[in-house]
Every structure is written in structure tokens, then in C-alpha cells.
Amino acid sequence: HEDGLADTADGLWGGWTRDQRLAIMKDSHLGTYGALALILSTGLRWAALSHLLASGQGAATVIGVATLSRLPMVALSWALPNARQGGLSASVGRPTARTAGLAAFATLLIIVPCLGPAILVAVVAVTLITLTLGLVTRARIAGQTGDILGASQQLAEIAALVTLATLPG
């Protein structure tokens, strides 16, 4: 999903029109915005994971965050139309409301025991970053792509890790 994050950063911030943004996202070259996104992503995750592991939060937290961070991909693919008809996201298809609801339920079954009381702040952080990405994506390319979905996972993981790392105790 790192490639999706880089392509999303390059495309959403590197083009002036919808078509330019989609073309940039499809291009396999790494641009300045994508490189910065990868550097920040890696640094933020490393710092947050280091803090969490040093404070005694181990595998359960990592599993909970990894699971929670995948739900935005389902949510955005359900909520937003495909931005292009020939891309990966379009070829996979969009989930129904029932499928998205089942994904949310399955996610909760895993993250409740993994994250415990911290689940609320993690879910709020992931929801806020997903809503923000969804609004920006709708405004800039009028839909979602496979790159956007990959970026949503990365941003959700970063949001959850950083939020959990900043909690007292």
C-alpha cells in the first residue's frame, strides 16, 4: 500500500486537473510528493511503533492497528464511485452496504480484544483521516482508485499508531 500512498500524494497534489491527477497516479515514476509521503510515513510509523513497543504494548496492539487500518479501504470503495473505469479498483468491484457492514463487524471482533479501552480513540483517529481523504479525493478526482484505497490503509495505520502512542500511560 506504500505505492498507493506515494501515487496518491503525487497525483492529488501534483496535477491541476482531474485527468492530470489520474494520469500522474497511473504513472509508475515516484515524484516529490510521493517521496515525501513515504519518508513521513516511514518516520511516523517507526517513531510510534518504537514508543508503543518500549511502553510494553506489543503484538496485540500491532495486530489491532493492522486490522483496523484495512477497514477504510472497504469503506471508501463502498462510499465513493470508481474514478476511472479501467483501473484495479474498478476491476475488483465495489462492496455492497451489507459487505461493508460485515467487514466492519469482523474488524470489531478482532480489534476489541487487541486494543481494549484505547479502541475508541483509535477508531476516531482512523475515521477522521478516512473522512478527510474521502472528501479530498471526491473533490480532486471525483472517486476512488486502487491507489486511493492503498493510501487509506497507510494513513489509517499512521493515524492509529500515532494516536495510541500519544495516549498517557
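# Salt bridges and a nonpolar patch

Mentor: In this predicted model, the side chains of glutamate 2 and arginine 45 meet in a salt bridge, 3.4 Å from N to O.

Trainee: Why is the contact between glutamate 2 and arginine 45 called a salt bridge?

Mentor: The cut-off is 4 Å between a side-chain nitrogen of Lys or Arg and a carboxyl oxygen of Asp or Glu. Here the N to O value is 3.4 Å. That is within 4 Å, so the pair counts.

Trainee: What does this pair tie together?

Mentor: Glutamate 2 lies in helix α1 (residues 2-14), and arginine 45 in helix α3 (residues 32-54). The pair therefore ties together parts that are 43 residues apart in sequence.

Trainee: Is arginine 45 buried or exposed?

Mentor: Buried means under 20% relative accessible area. Arginine 45 has 12%, so it counts as buried.

Trainee: And glutamate 2: why is it called partly exposed?

Mentor: Its relative accessible area is 35%.

Trainee: Which other residue meets arginine 45 in a salt bridge?

Mentor: Glutamate 157, at 3.0 Å from N to O. Glutamate 157 lies in helix α9 (residues 146-165) and arginine 45 in helix α3, so this pair ties together parts 112 residues apart in sequence. Both residues are buried.

Trainee: What makes Glu2, Arg45 and Glu157 one network?

Mentor: Shared partners. Arg45 pairs with Glu2 and also with Glu157. Salt bridges that share partners join the three residues into one network.

Trainee: How many salt bridges does the rule give?

Mentor: Three. One of them joins arginine 18 and aspartate 19, at 3.9 Å from N to O. That value is within 4 Å, so this pair counts as well.

Trainee: Now the surface. Which residues form the nonpolar patch?

Mentor: Ile63, Phe105, Leu109 and Ile110, with about 390 Å² of accessible area together. Helix α7 (residues 97-115) gives the largest share, three residues.

Key. Residues are numbered from 1 along each chain as its sequence is written. This is a predicted model: local features need pLDDT of at least 70, side-chain atom pairs count only at pLDDT 80 or more; totals for chains, interfaces and linings use all residues. Side-chain values use heavy atoms; hydrogens and water are left out. Patches are made of residues with over 30% relative accessible area and no salt bridge: like charges are joined within 9 Å, nonpolar side chains (Val, Leu, Ile, Met, Phe, Trp, Tyr) within 5 Å. Accessible areas come from the Shrake-Rupley method with a 1.4 Å probe; for residues, only the protein chains shown count as cover. Helices (H or I, at least four residues) and strands (E, at least two) are DSSP runs, numbered from the N terminus. Buried means under 20% relative accessible area, exposed over 50%, partly exposed in between (1.4 Å probe, protein chains only).
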